[in-house]
Amino acid sequence: MVYTVVALDFAIRDMAKAYSNDLRCKLLTAYDRGQGSLRALAELFSVSYDWAKKISRQRLRSQQMERVAQSRHGIESRVTPEVEAELLSQLREQPDSTLADLQKGLQRSVGVSISSQHLWRVLKRLDVRLKKSHSTQPSETPKPIKSGGRSSLRKSIRPRLTS
């Protein structure tokens with residue numbers, strides 16, 4: 001078991017890291033000066049040829065040698081702080097609103113339409129609780145059954161007519 005932990009620690013410590021901006025700039029400057037092809041410079045700087053091609057393409061797109069800052073992935077959320085504030089004010093005014101009521105209210109007041117699932121996630125993130133709280137355990141006492149009562153689950157004794 002100790003061997004596994006040591007091996008895992010070794011693997012985490014030696015994980016790949018991004019190349020520095022200094023290395024990028026040196027490789028691209030050498031390429032600009034005509035000191036070799038991308039393939040030859042990649043071998044000289046001990047990096048892969050694919051990485052050299054990638055940074056060359058990135059420079060053509062962004063016009064800068066340094067790494068381009070990573071942008072946020074996915075679409076921008078429509079639930080801005082303004083929408084959250086409006087949602088909370090609607091809940092203060094009408095605490096027993098349903099999700100459908102809240103959706104309509106947001107559409108009317110802020111012009112934002114979001115699905116009920118997404119609205120539920122937003123409410124959960126804002127730490128809005130359900131109106132009804134089931135803080136007590138259900139009773140363990142079974143409900144009494146009338147004596148002689150017939151169960152509704154029993155099949156009918158009468159034969160079924162087929163036409």
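**View 1. L102 sits in helix 6, which spans residues 99–109.** Helices here are DSSP runs of H or I with at least four residues, numbered from the N terminus. This is a predicted model, in which local features need pLDDT of at least 70, side-chain atom pairs count only at pLDDT 80 or more, and totals for chains, interfaces and linings use all residues. Residues are numbered from 1 along each chain as its sequence is written, and side-chain values use heavy atoms, with hydrogens and water left out. L102 is buried, with a relative accessible area of 2% (buried means under 20%, with a 1.4 Å probe and protein chains only).

**View 2. Here are the neighbours of L102 beyond four places in sequence.** L102 is in contact (heavy atoms within 4.5 Å) with L87, Q90, L91, S97, L119 and L123. For L91, eleven residues away along the chain, the C-alpha atom lies 8.1 Å from that of L102.

**View 3. R24, in helix 2 (residues 21–32), comes next.** R24 is buried but has no salt bridge (a side-chain nitrogen of Lys or Arg within 4 Å of a carboxyl oxygen of Asp or Glu). The nearest side chain of opposite charge, E66, is 7.7 Å away; Lys and Arg count as positive, Asp and Glu as negative, and His and the chain ends are not counted. A polar atom of the R24 side chain lies 3.3 Å from the backbone oxygen of M65. Beyond four places in sequence, the contacts of R24 include W51, I55 and R67.

Notes:
Helix = DSSP H or I, 4+ residues; strand = E, 2+ residues; numbered from the N terminus. Buried < 20%, exposed > 50% of the residue type's maximum accessible area, 1.4 Å probe, protein only. Polar contact = N/O pair within 3.5 Å; in protein donor to acceptor, adjacent residues only side chain to side chain.
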